[in-house]
Amino acid sequence: MAEESTFPGSDPRRDGSEHSAGEETSGFGDDLELNQFDGLPFSSRYYTLLQERKTLPVWKVRSDFEDALVHNQLVLVSGSARTGRSTQIPQWCAEYCLSAQYRHGMVVCTQTDSQQAVELALRVADEMDVNIGHEVGYSIRLEACCSPDSILRYCTDYILLREMMSDPFLEQYGVIIIDQAHERRVNTDILLGLLKDILLQRPELRVVILTVPPMTEKLLSHYVGIPLISVEVPCPAEVVYSNSSNSKDYFYSALRLVLEIHRTKEEGDIVVFFASDEELHCAHSILQMEGTRLGADLGQMVPVMLCFHQGGPVTTMGVQPVTKSSRNVFLCTQQCEDAWWSTASVNFVIDTGVQKKMVYKTRIRANSEVLLNISQGQANLRKQLCGPTGKCFCLYPEDRKLPAERTPQILETNMTSLVLLLKRLEIGGLGQCRFIDRPDPEGLMQALEELDYLAALDNDGNLSEIGIIMSEIPLEPQLAKALLASCEFDCVSEMLTIAAMLSAPSCFLDPPAGRNHEVAQCHRKFQHPDGDHFTLINIYNAFKQSQREQYFTSDKWCQDNHLDHHALKQADAIRCELIDTLSRIELPISEPSFGTRTNMLNIKRALLAGFFMQIARDVDGSGNYFIVTHKHMAQVHPRSCYGAQSHKLGLPEWVVFHEYTLSENNCMRTVSEISPQVFVQMAPLYFFYNMPSSESKDILQDILEPDGSKNSEGDKLKSTNDSSNCTADAQNYDRCVIQ
């Protein structure tokens, strides 16, 4: 093959030797006086970083990796992020593409988290001595820093999947690197399945998968006959297990241990793994308060939260102590286990051994919050963070049986968005996705049913015109359908705001201790009597107004109103992205008219066009809501405008909600009042007939057939057995105006 002829046999930089300025070299990996990527002389920093790179464990296998990349389409590399795999292997792949004169494309490296993609791109651009945004770049949702000529690009797995809608065989890339495959995210698993077919269509393509054991064995069995490059990482010098089998006390046990370590005055930062982001915030507040009580001779203890997916800037492990005697205490969850960070200062790891996850329950169409043990693979990753001289404290017995690997997210999530994406990719010419772990058949069938209810499928089970448009909009299917319906009802501007606010992280900050009433009073001025969806519009409009003020900044306005500035900025960016999408597919955008009764009614119609499966009825007038789809009982979330002012506003009988989670309180989030008459108008008739029997359904039936002629038993049977006829009936009755 052409690549073999230009692949160098050796790299002088590995031996520490350098060429003279006049010595002629060729092929990727050779030490050049001029940077082979931009043609400029190397800076002194390049050589400083080069010496640091050579100390990374992954450099010991560089020659083996380069040889495997030349002779194989797919290469598997096993080793944690601490080995340097996420920064070095993409650079070697870029040199490989350079040796082939980019005939087959550039390099892309996927990450599961946006912040990770940005940080890695910045680090690699520094190591390669090139400009970020030119030779090395990144693409994440709402932000791109790259050019068409970028040699190496970091992006999220979501972004790469979206690219496949227009470029199904990813022909612009010569090497595709899938990082963090062991995290088993939905998008990563889909990519791994689709790439198996793409490799058959593109023999020149190279795919590199970066993972850790025990995922290594599963991938070796899924992709038969592929080479494995293993990178060893030394474990900590000492692992201390707890003698207590009481897993409920892990939170305060971890905090007590942090304070004990700090009092010993041993050097080194501390990493603590908690189960959820809520625990991080609580731990941060407690440690901040306890830190003020410590003696000055112990030095300062600085708690630092490492939160992913929170909308704001993520603090990284590169944080430096305030003074020489200070100690950082990094508080994180499972997202940080295999994140790329500089761990040189970390000497202690405290592992609580548990994690909170949202697991989707197909039969009740809702997420359930569960507390689970971490896997053995996760435990090993946490131990490796503190290095060979550190100490890892495991707050669980050594004989606790941990699952070997994490459960794939594809088995625990709502499949509707996934099925919509796969249906769209079929239009691009791709065959079936060869999943490593196949999704639950019941979940797939429910996803197809929901897409059918949303009019996204035609009578043959393929995407309808509406389904194709929905797949273009970067929203969950129900929200995308509501946005499409708003075009029909002239409330696009308002629905854009609602969709953006629901897609961004929550704009409500947790109130400081003892200030709950003050924060609630502050938020009350934004509340709208028609519901939380309309409250979100009020908040967004007030935020945009604050950006036009001359005497204070929007950041200060958010602080004064106890709102998350970064979340609102992200919502604003999402709204701009959605406007661009609607303009690109030539959908109308109406002028804002928020506040009129007609506009309020039209917004509710648009919401019900997408969320007719998520309605509930107050059965006793005291806030006990019966969810008509699966007959569960729920309450309104305390932060809802109905939760805060139910004594003044009263509780509506019928509501539409955005989210319902099975947890301690079984709360519905983002709730707005609807009338059953509007629901009957908007819900597809065959969905209505498939609803389980209940008193609430009987009330809706009376509205649908006010004359009382309930000869609908035959109709129900007919509707259930022949959904295509029901679709036609729904169109005839004009129940779903978008169809």
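This is a predicted model: local features need pLDDT of at least 70, side-chain atom pairs count only at pLDDT 80 or more; totals for chains, interfaces and linings use all residues.
Colleague: In which order do the strands of the open sheet run, and what is the sense of their pairing?

Modeller: As a general idea, strands of a sheet pair through backbone hydrogen bonds, in either a parallel or an antiparallel sense. Here 6 strands form an open sheet in the order β9-β16-β13-β10-β12-β11, and the pairing is parallel. Because β9 (238-241) and β11 (301-305) stand at the edges with a single partner strand each, one side of each is left without a neighbour in the sheet. From one strand to the next, the twist averages 15 degrees.

Colleague: Over how many bridges do β10 and β13 pair, and which strands does helix α9 touch?

Modeller: Strand β10 (residues 269-273) pairs with strand β13 (residues 346-351) in the parallel sense over 5 bridges, and aspartate 269 stands opposite valine 346 in β13. Helix α9 (residues 250-264) packs on the sheet, touching β10, β11, β12, β13 and β16, and its direction makes about 160 degrees with that of β13. Helix α10 (residues 277-291) also packs on the sheet, where it touches β11 and β12, with its direction at about 165 degrees to that of β11.

Colleague: How many residues of strand β20 are buried, and in what sense does β20 pair with β15, β17 and β21?

Modeller: In strand β20 (residues 654-662), 8 of the 9 residues are buried, so the strand is largely enclosed by the rest of the structure. Its pairing with β15 (residues 366-373) is parallel over 2 bridges, whereas β17 (residues 615-618) pairs with β20 in the antiparallel sense over 3 bridges. With β21 (residues 667-673), β20 pairs in the antiparallel sense over 5 bridges, and glutamate 659 stands opposite arginine 669 in β21.

Conventions
Residues are numbered from 1 along each chain as its sequence is written. Side-chain values use heavy atoms; hydrogens and water are left out. Two strands pair if DSSP finds at least two bridges between them. Helices (H or I, at least four residues) and strands (E, at least two) are DSSP runs, numbered from the N terminus. Axes are lines fitted to C-alpha atoms, for helices over the stretch in contact, and angles run from 0 to 180 degrees between N-to-C directions. Contact means heavy atoms within 4.5 Å. Buried means under 20% relative accessible area, exposed over 50%, partly exposed in between (1.4 Å probe, protein chains only).
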